[in-house]
Amino acid sequence: LVSCVGWTTADELYSCSDDHQIMKWNPVTSETTRVVKLPDDVYPIDLHWFPRGIAGKKQSQAESFVLTSSDGKFHLISKLGRVEKSVEAHCGAVLAGRWNYEGTALVTVGEDGQVKIWSKTGMLRSTLAQQGTPVYSVSWAPDSDKVLYTSGKQLIIKPLQPNAKILQWKAHDGLILKTDWNSVNDLVLSAGEDCRYKSDLTTQSQCHKNFIYCSFLKKSQPCKCVYDNKYLLKMTGSLELLFSLLFQWSYALEKPNTGSIFCISWSIDGTQLAGACGNGHVIFAHVVEQRWEWKNFEITLIKRRTMKVHNVMNDAVDLLEFRDRVIKASLNYGYLVVSTSLQCYVFSTKNWNTPLIFDLKEGTVSLILQAERHFLLVDGGGLYLYSYEGRLISSPKYPGMRTDILNGQTVSLSNDTLAVKDKADEKVIFIFEALSGKPLGDGKPLTHKTEIVEIALDQKGLTNERKIAFIDKNRDLFITSVKRFGKEQKIVKIGTMVQSLAWNDTSNILCGIQDCRFTVWYYPNTVYVDKDLLPKTLYEKDASEFSKTPQIVSFVGNQITIRRADGSLVHLHISPYPAILHSYVSASRWEDGVRLCRFVKDQTLWACLAAMAVANKDMTTAEIAYAAIGEIDKVQYINSIKDLPSRESRMAHMLLFSGNSQEAETLLLQSGLVYQAIQVNINLYNWDRALELAVKHRTHVDTVLAYRQKFLADFGKKETNQRFLQYAEGV
């Protein structure tokens, strides 16, 4: 039987079997060669290749692998088949061996119940754990600081540093045979003799007929496009291969006649799969039938090197042939970007015959993100921003960059800005200028008080009004401005229990699924203008039809596509009027905006117009819109602003209207309107600040004291503030 398989490159696989041979396979040329024959007493159990390199740095030792065997040893073997070192590791068989992501340490587990950490040269560093039952499987945490291993029906996560808290839970009703920990989305997967697989304590499969021997999470990035999401593979004694996406729905089912499958391995680019079979065969599989949709185009990967383009408007069909295997693709903003193992193709949806083609440095592209003017490629070497003409625009870098774990939820791109959520500190978002690749503004990243799980930049509008929305660990949705102008940024909460979010591609409308409601924020900027108005600018709909854990796939035009947990796609349509209103306002066509609202007769639209008018300082429109939604107090305040004599005081009172009292005071002081600045503070009962300003500018101290006395008299109170008592004596 073949016991273990492992890929070196996307086109080369090594396999080990009980006939003591190590074989090398090339699925492209169908060549097979014998690398080495091991001694007769070595029965291989597990194989793991040394990591190829982190953040673009190639490793010197990258051409070797660790092989564990039933005689209690592990062997470090070079690519050419030379056994560099054999180490006595455990009593009884060494059941698994895994390099960490940096290649600085190796963990082995055995039948003796020990978990041992070794240096990369094979020197024992520590015995991490000892237990009375065999440890069947082990995995490293994404940042290599913890180890996950099995203990009978339990799973244990143990940090490497001593005295740290150990996490342990009962995961299955039978012996756990295999576990894996995904470095991209942090999910843990386990499979066992209860014939179930489980992921992250939330999802579990239906009962299987046979034991599950092995399961591996694909390391490809979980993009918004769900076919790129996590593929999971179940291997069971019933000769069954099953792909399942997001662990809920079956993607493909094959029943090859190969005996039990003991080990499976994804290729580095996540497009191919190999299995070690009980009857001595090595099985290869490829992911096909991936689909991409945008407006009237539907694209399907029908073979490894062929895509079919279907235009549903006129039923035209085009076939796109590629020289190499397709690894990743993205369809948006009128362009199809396809990366193969060596090249990148950019097709315009207007013309499928003449793609723009350029060569790739690294080859294994793990993520493609598109904006209207350019697109981002992420590979093992870094982040690269290209124009649709194929010109490299910039290559942003940040400290501790790890591109292998970036995905559609942790990177966001707009026409002028790129945002990346850091892995070392999950509360931090790095924000770059797209054109230069340099950090935006003062170079400081955006920092939140809790860990962030998903980020998204809005796509339209002016650069200095660019907003970023993000969901934190508590599932709260926040919005903040990307440009910070040196002052402390206001991060405002606009939603709770948000599962998934997406910005519209043509106007700054945000949609999300929160709790059991589908919500659209027609004008999220309202929180900066008039916070009380925000609930009136929302559209809400019951989301129970989407079942649990739905994901928003896209928000194009006024159509939202949602992927349900069972894999089906649901299309939702929202009102087209808010998007039309956005386009009128961005062109300063206020009269057209008012006319549209009068035609639609919808309170939500009027509320959006009111907020947009205040944000753009158009008082006449704001007055009409507030009147239409019955906010009479605000209409009166706007009227009083219009009667103010100077432009500066009108601007300051507009800032006060939006709740920015600090900025209003600064503006008045800069304009020399000291008395108005003092009066603003008196009206807000900021007595100390009012007195401070009066004393500083040596004017109206008596006025402040008089207002203060009247205020105290109204409430029948005595003056207790020392500063006021001191100045009262002098007046």
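**View 1. Ala 329 stands opposite Val 338 of strand E35 in a predicted model.** Strand E35 covers residues 335-340 and pairs with E34 in the antiparallel sense over six bridges. Two strands count as paired if DSSP finds at least two bridges between them. Strands themselves (E, at least two residues) and helices (H or I, at least four) are DSSP runs, numbered from the N terminus. In general, the strands of a sheet pair through backbone hydrogen bonds, either parallel or antiparallel. The sheet here is open and has four strands in the order E34-E35-E36-E37, with antiparallel pairing. Strand E34 (326-332) and strand E37 (351-359) each have a single partner strand and stand at the edges, so one side of each has no neighbour in the sheet. From one strand to the next, the twist averages 20 degrees.

Residues are numbered from 1 along each chain as its sequence is written, and side-chain values use heavy atoms, with hydrogens and water left out. Because the model is predicted, local features need pLDDT of at least 70 and side-chain atom pairs count only at pLDDT 80 or more, while totals for chains, interfaces and linings use all residues.

**View 2. Gln 514 lies in strand E51 (residues 510-514).** Gln 514 counts as buried because its relative accessibility is 4%; buried means under 20% relative accessible area, exposed over 50%, and partly exposed in between (1.4 Å probe, protein chains only). Its side chain makes a polar contact with the side chain of Thr 519 at 3.1 Å. A polar contact is a pair of N or O atoms within 3.5 Å; within protein, one must be able to donate a hydrogen and the other to accept it, and residues adjacent in sequence count only if both atoms are side-chain atoms. Leaving aside neighbours within four places in sequence, the residues in contact (heavy atoms within 4.5 Å) with Gln 514 include Thr 496, Val 498, Trp 521 and Glu 540.

**View 3. Helix H5 (residues 619-628) has buried residues that pack against other helices.** Those buried residues are Met 619, Thr 621, Ala 622, Glu 623, Ala 625 and Tyr 626. They pack against helix H3 (590-600), helix H4 (603-615), helix H6 (632-642) and helix H7 (647-657). Just after H5, Gly 630 takes a positive phi of about 75 degrees.

Key
Axes are lines fitted to C-alpha atoms, for helices over the stretch in contact, and angles run from 0 to 180 degrees between N-to-C directions.
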